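Thanks for coming. Please look at the next slide, and I will go through it one part at a time.

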Amino acid sequence: QVQLVESGGGLVQAGGSLRLSCAASGRTFSNYGMGWFRQAPGKEREFVASIRWSGGITYYADSVKGRFTISRDNANNTVYLQMNRLKPEDTAVYYCAARRIGVTDFGSWGQGTQVTVSS
């Protein structure tokens with residue numbers, strides 16, 4: 001398994017921006033597709049964005065499309081989530097996840113980082 005540590009969460013006003021980072025260790029980072037998920041209080045965890053191992057293909061939830069950007073730096077074993085035009089409904093714990101190439105499910109998860117957007 002790859003170990004994941006998120007950082008960059010915090011409190012921001014609506015309309016503001018944050019950039020989350022996820023540092024990976026333990027395995028060859030470029031062998032993994034990466035994703036961001038979030039879980040708001042009282043709600044189930046939901047998909048936010050994902051990126052293929054090469055970084056060339058990305059996917060987004062409709063709720064964040066056009067506002068969030070996922071990217072990765074394979075040389076530094078890090079994946080990012082740039083979040084712009086934040087809304088109060090983006091408030092959640094954000095989790096980084098990894099899955100090996102060819103595997104459907106995300107098998108490695110970080111501990112999460114809190115993002116709070118005030119209105």
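Phe106, setting aside neighbours within four places in sequence, is in contact (heavy atoms within 4.5 Å) with Gly33, Met34, Gly35, Phe37, Ser50, Ala97, Ala98 and Arg99. This is a predicted model, where local features need pLDDT of at least 70 and side-chain atom pairs count only at pLDDT 80 or more, while totals for chains, interfaces and linings use all residues. Residues are numbered from 1 along each chain as its sequence is written, and side-chain values use heavy atoms, leaving out hydrogens and water.

Phe106 sits in the loop between strand E9 (92-100) and strand E10 (108-109); strands are DSSP runs of at least two residues (E), numbered from the N terminus. Is Phe106 buried or exposed? Its relative accessible area is 14%, so Phe106 is buried, a term that means under 20%, with exposed over 50% and partly exposed in between, for a 1.4 Å probe and protein chains only.

Now strand E1, residues 3-7. E1 runs antiparallel to strand E3 (residues 18-25), joined by five bridges. Glu6 has Cys22 as its bridge partner in E3.

Finally, the whole protein. There are eleven strands and zero helices. Buried residues account for 41% of the 119 residues. The C-alpha trace spans about 40 × 25 × 25 Å along its principal axes.

Note on methods
Helices (H or I, at least four residues) and strands (E, at least two) are DSSP runs, numbered from the N terminus. Two strands pair if DSSP finds at least two bridges between them.
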